[in-house]
Amino acid sequence: AGSFVDLTPTQLGHTAATATGVANGRQVGFAWNNDDPFTRGMVWSGSAASAVEMLPPAGFTSVRLWGTSGDQHVGVTFTNRTPFLFHAGVWGNDPGSGVDLHPGDAYGSSDARATNGLLQVGHVTIGTGAGQRQHAALWEGSPDSFLDLHALLPAGTFTESAASGIDAAGNVFGTATDAGGA
């Protein structure tokens with residue numbers, strides 16, 4: 001059995017933290033202060049003292065990181081005000097290196113869930129209200145590189161999809177759901 005390590009970066013003024021991903025001796029996630037409504041993306045190397053806070057791109061207030069590989073970290077950056085905006089993002093090791101991956105106004109929101117150090121995967125939402133659907137997505141470091149992976153699924157079979165992993169060879173893993181929810 002291993003031992004518990006508290007990653008809460010109190011030296012940065014945070015009172016709580018959640019780790020959501022791990023690879024190659026690094027952990028990613030987010031931290032917050034109970035007096036501050038904004039979450040901060042975090043990269044750790046095994047201890048609270050190693051915490052590096054990833055800053056949101058311009059126009060956003062919060063970051064949550066979900067995945068890491070090599071020198072790349074992915075997640076979502078968002079606003080804590082109306083209108084709420086959720087955009088996929090990718091960061092290097094520099095706190096200010098965040099890139100908004102959101103592919104444009106045709107998509108309601110986006111979220112990057114995993115990276116292999118070169119490519120990022122997650123999902124985008126299309127439509128609104130009851131007609132809103134998720135489509136699996138792939139990026140290569142910029143919004144212009146967006147690929148709707150849902151379009152590669154058999155036509156008329158699946159209504160939603162989401163990518164949750166990608167290996168070193170570029171194989172993408174995720175889920176697809178049909179109209180019956182299966």
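The following dialogue examines a predicted model of a protein.

Visitor: What makes the protein as compact as a globular protein of its length?

Guide: The protein has 14 strands and zero helices. Its radius of gyration is 17 Å, close to the 16 Å that the globule rule gives for 182 residues, so the protein is as compact as a globular protein of that length. Its C-alpha atoms fill a box of roughly 50 × 40 × 30 Å along the principal axes.

Visitor: Why is the set that includes Val74, Trp139 and Phe146 called a nonpolar core?

Guide: A nonpolar core requires buried residues of kinds such as Ala, Val, Trp and Phe, joined through side-chain atoms within 4.5 Å. Val74, Trp139 and Phe146 are among the ten residues of the largest such core. The strands β7 (86–91) and β11 (133–139) each supply at least two residues of this core. Apart from it lies another core, of eight residues, including Ala114, Ala136, Leu138 and Ala163.

Visitor: What makes Phe146 and Ala163 contacts of alanine 137?

Guide: Contact means heavy atoms within 4.5 Å. Leaving aside neighbours within four places in sequence, alanine 137 is in contact with Phe146 and Ala163, and also with residues including Gln120, Val124 and Leu149.

Visitor: How do you know which kinds of residue line the largest pocket?

Guide: Val, Leu and Ala count as nonpolar, whereas Asp, Glu, Lys and Arg count as charged. By that division the lining holds nine nonpolar, four polar and no charged residues. Among its 13 residues, Ala136, Leu149, Leu153, Val172 and Thr175 lie nearest the centre of the pocket. Strand β14 gives the most to the lining, with five residues. The space in this pocket is about 180 Å³.

Conventions. Residues are numbered from 1 along each chain as its sequence is written. This is a predicted model: local features need pLDDT of at least 70, side-chain atom pairs count only at pLDDT 80 or more; totals for chains, interfaces and linings use all residues. Side-chain values use heavy atoms; hydrogens and water are left out. Buried means under 20% relative accessible area, exposed over 50%, partly exposed in between (1.4 Å probe, protein chains only). Helices (H or I, at least four residues) and strands (E, at least two) are DSSP runs, numbered from the N terminus. On a 1 Å grid over the protein atoms alone, a cavity is a set of points where a 1.4 Å probe fits but cannot get out, and a pocket is an open set with protein on both sides within 12 Å along at least five of seven lines; lining residues have an atom within 4 Å of a point. Grid points are joined across faces, edges and corners, and a volume is the space filled by probe spheres set on the points. The radius of gyration is taken over C-alpha atoms; the globule rule is 2.2 Å times the number of residues to the power 0.38.
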